[in-house]
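Take a moment with the sequence and the model before reading on. We will walk through the chains, one region after another.

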Amino acid sequence: MRSNGKPPSLAASLDEKQVRLSRTRTWGGLETQASYGPNDANERDYKRDLGDPGEFPYTRGAYPQMYRSRMWTLRNIVGYGAPEDTRDGIEKTLAAGGTGVNVVVDTLTQQALDPDHPAFGAEAGLEGCSLPTARDIDRLLDGVDLTKVDVAWHWTIMAYQMVAAVAVKRGTPLDKLQGSHMPDHLQETMCGWGTDLLPAQLSQRATVDCVEYCVRNSPRWTLGLPQGYDLREAGLSPVGEIAIGMAVVKGVLRDLEKRGLDIDQVAPSIAWVSTADVDFFEEIAKFRALRRMWARTMRDGFGAQDPRSMRLRIACHTSGRSLVYGQPLNNLSRVAVQSLAALLGGVQSVEACTYDEPICVPTQEARELATRTQQILANEIGAARTADPLGGSYYVEALTDKVEAEAAKLMAEIEEIGLLAAIDAGRIAQLMDDYNLSFRREMDSGERIVIGANAFAPPEEPPPRRFTFDPAATQAHVRRFKELKAGRDGDLVKRKVRDVYATAKAGNNCSQAAIDAFVADATLGEVWGAFRMAMGRPYDGYRVIEAPFDFEAVSV
Amino acid sequence: MRVAEAEVKQLAESAIAQDARAGARLITLIESGASDLYPALSTLYAAGGHARIVGVTGPPGAGKSTLVDQLIAYYRAANLRVAVLAVDPSSPKSGGAVLGDRFRMSQHYSDAGVFIRSMANRGALGGLARSTPDALVVLDAMGWDIVLLETVGVGQSEIDIMRHAGAVLVLQTSHSGDALQSVKAGLLEIADIFVVNRASEPDAQRTVRALREMVHVDAERRGEAAWPVSVCETEALTGEGIAALAASIERRFTYLTDNPKARAQLRHMQVRVHMEAIAAGIVAARLTDRGGAGAPGSDVVADVAARRRDLYATARALVGGDD
Amino acid sequence: MGKARIIRCVLGMLGTDVHTKGIRTLAQLLRDEGVEVVYLGEHNTVPGMASAVIQEDADIVGLSFSTAAYLHYVRAFRDELISRGAGDVPVMVGGMIHPDDRAPLAEMGIEGIFGPGSTVPEIMAFMSRAADAYRNAGAVNS
């Protein structure tokens, strides 16, 4: 605290310097006790509720040997500018010791808008890689064997179909295709896209179509579902992540059952995309509670027989919203602790945020430090040695129970209304608004302390360095895109895009038609626009551009 | 707020010439309770009388804004110019408001043939704001063919809307079925057209049946000459059922044209309510002028409270009874 | 003498940015400060947002950004307002604004810049001042 006038006495200063506990609730809002003991164990039964690592209900981990049998994948997120720019970033990341690559695409690609969009074209390549055609993915992964390298796509709409089109063009069989993406469209609806750009019904259909096709054709492809990470970033607590995430998955699985897919054909392909926020114990409890709830839901709710369906794999990206702009190097501490929580919670992959994430697209230096953080955790501190090292802790077990119970309660409330109806009625948005508003109020009142934001805020700092890159490659990329559109076989594209429209309109899965269209050089915007129109929505969610041709016309 | 008379006159003329910014500014002045607006309002009133005012009400979450969004699209396709006045509640604590209706009509933001204005009710009861009637005069004078008036969904006090609209749509959600019985009398008094939105949802058909039955029974009671209340089914997200709803609205206005008696009854009631509101506003302003803190010597309210003056004589004097 | 005039603020985001958390929370906080917030949410186009400013007769406009596209969009938005005769409406910008961009934003006529760590009292103080100046100028000039 600063005060004007004469300096306070040393005694007063010392008194003020004490760190006091400002809050006894978890970051997500669960009340905690001063200590926990055997009496807090309720009716817990080791075999039934915990089990050894690798044993049902997998509370203590998905695999018996955990990181002894397989180290988590140290991932880094890369993506900016043209495919050539991102390719350069990937090479640097792998050279620095990362073991997996996550490609993030720009906001246009995420929303299936082409870079020649008249209203938003200026955003091409700014926040991720611009990938509007299969040819661009081919450029990005030139020489990379799609059956061997584990590329994770931070991307929902048509991501798999576009990668599959590249595989088709290269003659790679789809059933050998490896990699992952995040087909959870409903999450996008909930996290800022809104019911206009992505109506809940349309999202559900797109997800179910994509998952069905992947599972039937590319069983080695991993599906990041639900995309719990964005739900958390938008304002759900750990309890909310489990509740809403489970509701999403259950809805998709029920629809797939109707299409004749058995749970054991689907569930093994799924990995839960999660986060680790700053509340160390709450996040560990969440990962454990999540695995337990998943296992029981799959076995008892869906009749799964295959252990691979019941043991949940979790991909964790540390929390971006927890990072602070002021004195950004503090974020290295936050990310280290969050990554540790993810490991003690038993996740299968970690993407550590870069410390400069609140400032810009990550700089190369920050990316390297994020990898180093994980390497220190893997090699020095012993976090990987023994599975579920906090299992049996009075506190962690009690918190695990509490997170699970609260999540089950919230999930029941939402499922009572129906997830899609709850989204349409603004219930999920309300949950997020309430969380975010109380978060802010608690910061204003000092109950919640965030170093560098509402306490110990640094005085004037030099402006943080930010990532910059030469936009020349992006500009060339957009020119190339326009040339491709002008020079491709227009009649073929029309025919293929009409097939997408007609297939979807007839209520059938249009994934194969989409792959064929991408092979024929249809653009992401065109294929998604055709699907949207088949679903009774305008071609462009922003209603700026019209369909380039009549989709209803009979193909020749 | 006092505004130069010449300036307001200019704004009124510009608004009549369809200048959006002038119309918007006038509505702000009306909302802020600016005095000296009456000459301008008279000019605007004289220029109006052509707009079809369609009220849209119903409980929160019924999809009012989404339905309005679809109606705008429908009328625009028919080449009509459309204005929307969307009223949302003010926070009773702070007086502020989050006006979120416009957000759901974003597809029309760039269309010069559409004018959308959000309005906080600023503590007024009944689903509208005190300035709503005069704001409608402005929109009418601006020559909008259709004015869609969307109210706060406040349940029982939605009755306000019929005092300003020629056609009142009452939205029901698919889940409203069970709740209908308890409010049926009030709803029938308000609604010209019931709209069951999200008609494809499981419970919706039950709601539709319940409404049709209710309307049918009531029609027998009201007799043949009365407006036959209709029940429309819509899917506001996709636009299904909007054309049928618009046809129903059209029939309502045709009915008013063809039935001078019903039309006069409605119009007289509306004019009476508006005149009372204007008069009440004048009285309130006088009371503020004479009883304001700035004039302690002539604080009539304090005088009456202290029984130095008679309540009735003072009130009559306020409305000019002693002039 | 009435109460202080209620501030009408149009609040929204331009472009494809989906990070609405900040602006949704700000809308509620400003409401609690007595502001009438016309909430336009995410995904606005430049002409659409300018129309809203005019039709809503906003005293001030708040734009929130969490992506790097803000210089482009703020410039386009200011140009649009000017071309439609509403260049005098004050504009404030918030979100992930890098200190290096303050100068170019100021050159575009952006008086209020609220980067990470800005507080509601700071924003309110600016809004009151800017809205008052705008209204008083308007009463004289029109």
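Helices and strands here are DSSP runs, numbered from the N terminus. A helix has at least four residues, and a strand at least two.

Most residues other than glycine have a negative phi. Phe456(A) is not a glycine, yet its phi is positive, near 50°.

Chain A has another such case in Met66(A). Its phi is about 40°, again positive in a residue that is not a glycine. Met66(A) lies in the loop between H2 and E1 of chain A. Its surroundings can be read from its accessibility. The value is 5%, and buried means under 20%, so Met66(A) is buried.

The loop between helix H2 (46–50) and E1 of chain A also holds Pro57(A). Most peptide bonds are trans. The one joining Phe56(A) and Pro57(A) is cis, with omega about 0°. A cis bond also runs from Leu225(A) to Pro226(A), where omega is near -5°. Pro226(A) is in a strand, E5 (residues 221–227) of chain A.

Now find strand E2 of chain A, residues 100–104. Why is this strand described as largely enclosed by the rest of the structure? Five of its five residues are buried, so the strand is largely enclosed. Side chains in a regular strand alternate between the two faces of the sheet. In E2(A), both faces are covered. Gly100(A), Asn102(A) and Val104(A) are buried on one side. Val101(A) and Val103(A) are buried on the other.

Which strands pair with E2(A)? One is strand E1 (residues 73–78) of chain A, parallel to E2(A) over four bridges. Here Val78(A) stands opposite Val103(A). To get from E1(A) to E2(A), the chain passes through helix H3 (residues 83–95) of chain A. This β-α-β crossover is right-handed. Another partner is strand E3 (residues 151–154) of chain A, also parallel to E2(A) over four bridges. There, Val104(A) stands opposite His154(A).

Move on to chain B. It has 323 residues, and 50% of them are buried. Its secondary structure comes to 11 helices and eight strands. Among contacts with a separation of 6 or more, 74% join residues 24 or more positions apart. How confident is the prediction for this chain? The average pLDDT is 86, and 89% of the residues score at least 70. Take care with residues 292–297 of chain B, where pLDDT is below 50. Beyond near neighbours in sequence, that stretch has two contacts in the model.

Thr132(B) belongs to helix H5 (residues 132–141) of chain B. It is buried, with a relative accessible area of 0%. Leaving out residues up to four places away in sequence, it touches Leu85(B), Val87(B), Met119(B) and Leu149(B). Its side chain also reaches the backbone nitrogen of Ala129(B) at 2.9 Å.

Compare Arg222(B), in helix H7 (residues 204–222) of chain B. At 34% relative accessibility, this residue is partly exposed. Beyond neighbours within four places in sequence, Arg222(B) contacts Leu188(B), Trp227(B) and Val229(B). A polar atom of its side chain lies 3.2 Å from the backbone oxygen of Trp227(B).

Finally, see how the chains meet. An interface's size is often given as the accessible area lost when the parts come together. Between chain B and chain A, about 530 Å² is buried. Five residues of chain B contact five of chain A. On the chain B side, Gln107(B), Arg198(B) and Leu237(B) lose the most area, together 70% of what that side buries. Chain C and chain B bury about 2600 Å² between them. Here 36 residues of chain C contact 28 residues of chain B. In chain C, Glu36(C), Tyr39(C) and Gln55(C) lose the most area to chain B, together 23% of that side's buried area.

Methods
Residues numbered from 1 in each chain as written. Chains lettered and ligands numbered in written order. Predicted model: local features only at pLDDT ≥ 70, side-chain atom pairs only at ≥ 80, totals over all residues. Heavy atoms only, no water. pLDDT = per-residue confidence, 0-100. Contact = heavy atoms within 4.5 Å. Buried < 20%, exposed > 50% of the residue type's maximum accessible area, 1.4 Å probe, protein only. Pairing = 2+ DSSP bridges. Right-handed = clockwise from strand over helix to strand, strands pointing away. Polar contact = N/O pair within 3.5 Å; in protein donor to acceptor, adjacent residues only side chain to side chain. Buried area = accessible area lost by both parts, 1.4 Å probe.
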